[in-house]
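Please look over the model shown below with the following notes beside it.

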Amino acid sequence: MKFIRLVTVAVLSTTILARGVSAVANEVQKADTDATVNFSAVDEDGNGEDTVVINPVAPEDGGPDVEIAPIDPEGEGNTGPLTIAYAPTMDFGQQVISNQDRTYTMIAEQQPLKDGSGDVPYVSFAQVQDTRGTNEGWDLRVTLSDFENNDAQTRNTTLYGTEIEFTSPTLEYVGNEGNEPVVHAANLVLSAGGEAQSVLAAETGRGAGTSSVVWGDQMELNNSTSDIVRNEGILLHIPGATAKDAVEYAATLTWELNQSPGMAGETIN
């Protein structure tokens with residue numbers, strides 16, 4: 001009985017000693033210090049960064065690895081904390097005069113590959129970049145002028161009743177989850193000579209980062225075997241009753257970015 005008790009005491013003593021050593025070894029000292037960064041919409045000289053267009057369909061998502069030049073409406077670079085980085089140019093091709101109502105599909109825009117091997121068909125899109133840091137929201141609107149020709153020898157200088165339709169838009173957003181803006185509803189119609197339409201808009205508290213409204217399916221463009229690749233996301237409607245001369249007609253799309261919150265698809269009077 002004594003032997004058993006002695007052994008028991010020895011074991012308990014060893015256990016207590018081990019725990020004591022362990023407790024000493026696990027003591028940790030710590031101290032907290034600060035790291036800060038302070039952002040502004042512009043630098044100390046009042047200049048923003050040059051605009052770099054972010055591809056709305058990245059290579060990892062099946063898009064070609066292209067390098068897209070930002071629009072340059074003023075000819076002096078496109079910068080600023082709230083800016084239109086890109087907007088589409090539309091070409092509906094060569095068509096035959098018809099006295100029937102006709103719908104024409106836009107020829108897909110071409111963008112240069114980064115490796116310099118040539119241009120490839122790419123989706124059309126309008127991109128807004130918001131680095132103001134104020135989360136005030138914004139509204140991207142577009143108007144369409146009349147389709148007209150400048151040939152003094154022609155009689156029918158205007159294509160009356162012409163419309164452009166944006167069929168199935170998608171949103172590509174680079175920013176914090178929950179801050180994304182909204183795009184217009186499907187089949188938005190833009191009338192030549194008509195009112196502005198909102199195509200991409202952010203309410204107050206949303207829209208910081210890079211936002212793109214995209215028209216077209218990049219996978220369809222990648223897989224097209226046609227000599228002329230067309231983008232089904234943008235259509236041109238011309239009434240058959242509209243008289244047409246055998247010349248080129250051109251219109252201007254005016255993209256306006258308002259520094260106030262808006263609602264995509266809203267008609268602006």
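**Notes on the predicted model**

1. N187 sits in the loop that runs between β9 (182-183) and β10 (188-191), where strands (E, at least two residues) and helices (H or I, at least four) are DSSP runs numbered from the N terminus. The phi angle of N187 is near 65°, a positive value in a residue other than glycine. With a relative accessible area of 45%, N187 is partly exposed, given that buried means under 20% relative accessible area, exposed means over 50%, and partly exposed lies in between (1.4 Å probe, protein chains only).

2. Before reading further, please keep in mind that this is a predicted model, in which local features need pLDDT of at least 70 and side-chain atom pairs count only at pLDDT 80 or more, while totals for chains, interfaces and linings use all residues. Residues are numbered from 1 along each chain as its sequence is written, and side-chain values use heavy atoms, with hydrogens and water left out.

3. N135 counts as partly exposed, at 37% relative accessibility. As background, most residues other than glycine have a negative phi.

4. Which sheet contains β5 and β12? Four strands form an open, antiparallel sheet in the order β1-β5-β12-β8, where two strands are taken to pair if DSSP finds at least two bridges between them. Its edge strands are β1 (82-86) and β8 (169-174), each of which pairs on one side only. Neighbouring strands of this sheet are turned by 20° against each other on average, direction ignored, with axes being lines fitted to C-alpha atoms and angles running from 0 to 180 degrees between N-to-C directions.

5. Within that sheet, β5 and β12 run antiparallel and are joined by seven bridges, and V128 has S211 of β12 as its bridge partner. S211 belongs to strand β12 (residues 209-215) and is buried, its relative accessible area being 0%. Leaving aside residues up to four places away in sequence, S211 touches A126, Q127, V128, W138, E172, Y173, P181 and L200, a contact being heavy atoms within 4.5 Å.

6. For the chain as a whole, the secondary structure comes to two helices and 15 strands, and buried residues make up 37% of the 269 residues. Among contacts between residues at least 6 apart in sequence, 77% join residues at least 24 apart. The chain exposes about 16600 Å², of which carbon and sulfur atoms supply 48%; accessible areas come from the Shrake-Rupley method with a 1.4 Å probe, and for residues only the protein chains shown count as cover.

7. On confidence, the mean pLDDT of the chain is 87, and 83% of its residues reach 70 or more, pLDDT being the predictor's confidence in each residue, from 0 to 100. Over residues 1-16, however, the pLDDT is below 50, and this stretch has zero contacts in the model beyond near neighbours in sequence.
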